[in-house]
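Subject: Structure for your review

Dear colleague,

Please find the structure below, together with its sequence. I would ask you to keep it open while you read the notes that follow.

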Amino acid sequence: MRISDLLLSEFDEEMKKTRLTLERVPMDKGDFTPHAKSSTLAKLAPHVTELAGFGHTVLTTPGLDFANSSRTRVPFESTEQLLQAFDQGAAKVRDALKNLPDDAWTQTWALSFQGKPIFSGDRFLAYRQMYLNHLIHHRAQLGVYLRLTGEPVPATYGPSADDTMGF
């Protein structure tokens, strides 16, 4: 069995959980922030949305220098718009993941800003740390924002206070 085949079910589950969280983002509370040093909801939700597609860069390029990146930021306009951008990004990553040969996992991948290293390691570690764990981290932050704005928090790895999963 190929490495990618082993990772596809996890990818699908994490994207499903992340999409469910994005569905609950209160668009009328974009200015909300739980702390002065925290991002606003209007910045965090699009960041989670954008991260869905970041895995494509990890899986299809040798690295990224943010200073040379020409990406377009996802705006905070509507739930439908966030979900559409999320779905498009996740679909691109799933396709790249499905088609990645095993030997590509051990190739070096690097992330930098203006040439200053942020991360360098094998593609597998980049996929797990810089992409998937990063997405999960910000999804969890988004769950806190949902709780603090009075929105229902979805179950992720088990029941939540709002989604008891029948327990």
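Thr18 is a residue of helix 1; helices here are DSSP runs of H or I with at least four residues, strands are runs of E with at least two, and both are numbered from the N terminus. The structure is a predicted model, in which local features need pLDDT of at least 70 and side-chain atom pairs count only at pLDDT 80 or more, while totals for chains, interfaces and linings use all residues. Residues are numbered from 1 along each chain as its sequence is written, and side-chain values use heavy atoms, with hydrogens and water left out.

Thr18 and its surroundings

Thr18 has a relative accessibility of 0% and therefore counts as buried (buried means under 20% relative accessible area, exposed over 50%, and partly exposed in between, with a 1.4 Å probe and protein chains only). Its side chain makes a polar contact with the side chain of Arg139, at 3.0 Å. A polar contact is a pair of N or O atoms within 3.5 Å; within protein, one must be able to donate a hydrogen and the other to accept it, and residues adjacent in sequence count only if both atoms are side-chain atoms. Apart from neighbours within four places in sequence, Thr18 is in contact with Val48, Phe86, Leu135 and Arg139, where contact means heavy atoms within 4.5 Å.

Helix 1 against helix 4

Helix 1 covers residues 3-23, and its axis comes within 10 Å of the axis of helix 4, crossing at roughly 25°. Axes are lines fitted to C-alpha atoms, for helices over the stretch in contact, and angles run from 0 to 180 degrees between N-to-C directions. Helix 1 and helix 4 are therefore roughly parallel (angles under 35 degrees count as roughly parallel, over 145 as roughly antiparallel, 65 to 115 as roughly perpendicular and the rest as oblique). Their crossing is left-handed, meaning that the near helix is turned anticlockwise from the far one by less than a right angle; clockwise would be right-handed.

Among the residues that meet here are Leu7, Phe11, Met15 and Thr18 in helix 1 and Tyr127, Tyr131, Leu135 and Arg139 in helix 4. By class, the contact of helix 1 with helix 4 has twelve nonpolar, three polar and five charged residues. In this scheme Ala, Val, Leu, Ile, Met, Phe, Trp, Tyr, Cys and Pro count as nonpolar, Asp, Glu, Lys and Arg as charged, and the others, Gly among them, as polar.

Helix 2 against helix 4

How do the axes of helix 2 and helix 4 cross, and at what angle? Helix 2 (residues 41-60) and helix 4 (residues 123-148) have axes that come within 9 Å and cross at roughly 165°. That angle makes helix 2 roughly antiparallel to helix 4. The crossing of helix 2 with helix 4 is left-handed. The residues in this contact include Leu44, Val48, Leu51 and Gly55 of helix 2 and Met130, His134, Leu135 and His138 of helix 4. The contact of helix 2 with helix 4 divides into 16 nonpolar, six polar and two charged residues.

Ala90 in helix 3

Ala90 belongs to helix 3 and is buried, at 9% relative accessibility. Beyond its neighbours within four places in sequence, Ala90 is in contact with Phe11, Met15 and Ala52.

Residues outside the helices

Asp102 sits in the loop between helix 3 (79-99) and strand 2 (108-113). With 33% relative accessibility, Asp102 counts as partly exposed. Its side chain reaches the backbone nitrogen of Ile3 at 2.9 Å, and its contacts, leaving aside neighbours within four places in sequence, are Arg2, Ile3 and Ser4.

Most residues other than glycine have a negative phi. Gln114, which is not a glycine, has a positive phi of about 55°. Gln114 is found in the loop between strand 2 and strand 3 (116-122) and is exposed, at 62% relative accessibility. Met165 is not a glycine either, and has a positive phi of about 55°. Met165 lies in the segment after helix 4 and is partly exposed, with a relative accessible area of 47%.

Ser160 is also in the segment after helix 4. Ser160 is buried, with a relative accessible area of 15%, and touches Val153, Pro154 and Ala155, not counting residues up to four places away in sequence.

Yours sincerely
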